[in-house]
Amino acid sequence: MSIVMPETAVVSKHLAFGYQTDQEPRSLVIKDLDLEIETGLFVSIMGHNGSGKSTLAKLLNGLLTPSQGVLVVCGFDASNNETVWEIRHHVGMVFQNPDNQIVGPTVEDDVAFGLENRGVPPEEMRVRIDEALQSVHMQSFSQAQPHRLSGGQKQRVAIAGIMAIRPSVIILDEATAMLDPMARKEVMALAHRLHREEGITVINITHFPEETLHSDRIIVMHDGKVVLDGTPAAVFAEAERLQAIGLDVPLAVRLRQALVSNGVAMPLVLEREELVRELCKLLSKT
Amino acid sequence: MNVLQNFAIGQYVPGRSFVHLLDPRSKLLFVLAFAILVFLANNWQTYTVLVVFTLSAVAVARISPGYLVRSLKPVWFLILLTIILHLLSTKGGAVYFSWGWLTIEEQGVKQAVFISLRLTLLVLISSLLTLTTSPLDLTDGMERLLSPLKKIKVPVHEISLMLSIALRFIPTLLEETDKIIKAQMARGADLDSGNLLKRAKNLVPITVPLFISAFRRAEELAWAMEARGYRGGSGRTRLRQLRFSWRDAVAALMILLILGLLGWWRA
């Protein structure tokens with residue numbers, strides 16, 4: 001199956017969205033959003049609760065319809081009721097609660113769900129299910145019942161269900177928020193591997209700053225708007241702005257910030273290893 | 001300790017016997033046919049045919065008799081009651097026992113044995129179905145068998161999807177109930193004292209959070225299903241395919257054989 005994918009996975013122009021309410025004029029959750037996400041990138045969208053990041057995720061998959069503006073995902077209009085099904089062919093979504101997105105009574109049945117919906121013949125389903133489970137290292141669990149799996153394993157099954165439909169974009173909508181630190185690392189490593197090896201565009205929506213460090217690009221949202229957009233280095237260089245809108249920054253960035261404000265000259269570091277290296281350099285200088 | 005840990009859905013005993021490997025559709029049809037045939041039996045010969053057949057089916061399924069005895073537990077009182085009523089009320093034939101107005105007569109004994117046997121056989125054969133068929137296969141079989149009803153607008157696919165989602169979520173909701181019970185107990189809820197009314201009231205702090213959470217789950221599940229491209233039953237294919245094999249032909253022959261024998265020996 002070779003579809004020529006457009007250069008940009010997501011294009012939005014003046015996108016706005018507000019939940020329908022009976023009372024008061026509805027308040028917009030997404031306000032006048034202009035966004036462009038190139039195909040093949042690993043993009044993180046960061047923002048605290050209520051910043052509109054999860055609403056954006058639902059818009060990207062056609063689960064919500066834009067109130068105003070244009071949103072084109074994988075070349076299809078996300079506000080048209082017919083083309084949203086095309087978008088869902090190309091865009092897979094992993095949700096926050098691992099329990100509430102597994103439909104099948106066994107792992108295998110669950111991975112099959114998306115394929116069944118698309119009318120894939122049963123023989124081909126077998127092949128694709130095996131491939132998908134292999135890509136998330138869950139082959140040995142194909143007959144397991146979902147409630148017997150750990151949170152991280154459930155999220156891997158959810159990802160397998162998406163991989164089986166061979167998507168070009170995967171959206172992780174706070175997929176690690178309910179997991180323990182080990183499982184969180186595991187799921188993120190899987191997302192990065194699928195991005196690297198299968199060339200899938202990954203949009204990771206999160207409020208954990210550590211998870212965004214290895215992205216190609218970080219988009220920071222606040223109050224329905226994009227406030228920062230760039231490489232991790234560029235975004236975390238503005239640590240004060242992040243903190244001002246209530247976002248955490250990685251430990252290394254925070255420590256470096258404290259050192260700099262105390263008069264220690266030090267380049268920007270994002271990761272613990274870099275931090276250690278820089279600190280060692282400082283030590284050997286003194 | 002987990003309060004609800006030992007709860008199992010259905011009573012499926014995994015195995016690879018002849019009966020296990022039968023197509024769920026033929027097992028369902030078989031039980032249905034058998035339930036009708038049981039009512040055709042009316043004398044010693046015909047009941048012997050049914051008993052012999054049921055016992056050999058149990059033997060072929062390699063299900064330990066303990067499970068079947070257990071399956072009779074909810075109905076033993078009914079069986080006992082049937083026996084007593086028939087012993088005392090059905091008259092006719094030789095009198096075996098009499099004490100005042102109380103008599104036990106030949107017809108009474110016969111009817112008591114026959115009717116209780118009828119009940120027992122029905123329970124045994126249907127337990128054999130649930131013991132040898134996983135709940136999933138059962139729902140699948142039912143969906144296929146009922147699919148002609150789609151023509152008269154019966155939502156067969158939706159019903160079957162509901163059943164299968166229910167099967168998927170029963171363990172999850174049980175775990176949740178367990179958590180809520182513990183949380184409420186930790187807050188001092190007294191769950192098992194007082195009379196019936198009091199106890200029913202005690203359940204409110206458990207059912208309310210459980211329902212709220214179940215509704216939230218349902219909503220999120222609906223999002224997830226839509227995101228995964230679910231748009232109803234039409235145009236859907238299925239991973240689980242059901243295929244009839246020689247075993248199902250054997251089962252069909254058995255039913256014909258029983259029918260033949262009953263027809264022949266029936267009084």
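At what angle do the axes of α2(B) and helix α11 (residues 246-265) of chain B cross? Roughly 5 degrees, and the axes come within 10 Å. Axes here are lines fitted to C-alpha atoms, for helices over the stretch in contact, with angles from 0 to 180 degrees between N-to-C directions. That makes α2(B) roughly parallel to α11(B) (under 35 degrees; over 145 is roughly antiparallel, 65 to 115 roughly perpendicular, the rest oblique).

A word on the model. It is predicted: local features need pLDDT of at least 70, side-chain atom pairs count only at pLDDT 80 or more, and totals for chains, interfaces and linings use all residues. Residues are numbered from 1 along each chain as its sequence is written, with chains lettered from A and ligands numbered from 1 in the order written. Helices (H or I, at least four residues) and strands (E, at least two) are DSSP runs, numbered from the N terminus.

Back to the pair. On α2(B), B:Ser26, B:Phe30, B:Ala33 and B:Leu37 make the contact (C-beta atoms, placed from the backbone, within 7 Å). Their partners in α11(B) include B:Ile255, B:Ile258 and B:Leu262.

Next, α7(B), residues 135-146. Its axis comes within 8 Å of that of α2(B), residues 24-38, crossing at roughly 75 degrees. So these two are roughly perpendicular. B:Pro24, B:Arg25 and B:Leu28 of α2(B) make this contact, with B:Leu138 and B:Met142 among the α7(B) residues.

Last, α10(B), residues 204-227. This helix has 24 residues and reaches 35 Å from first C-alpha to last, close to the 34 Å expected at 1.5 Å a residue (1.5 Å times one less than the number of residues). Just after α10(B), B:Gly229 takes a positive phi of about 90 degrees.

Notes: Contact = placed C-beta atoms within 7 Å.
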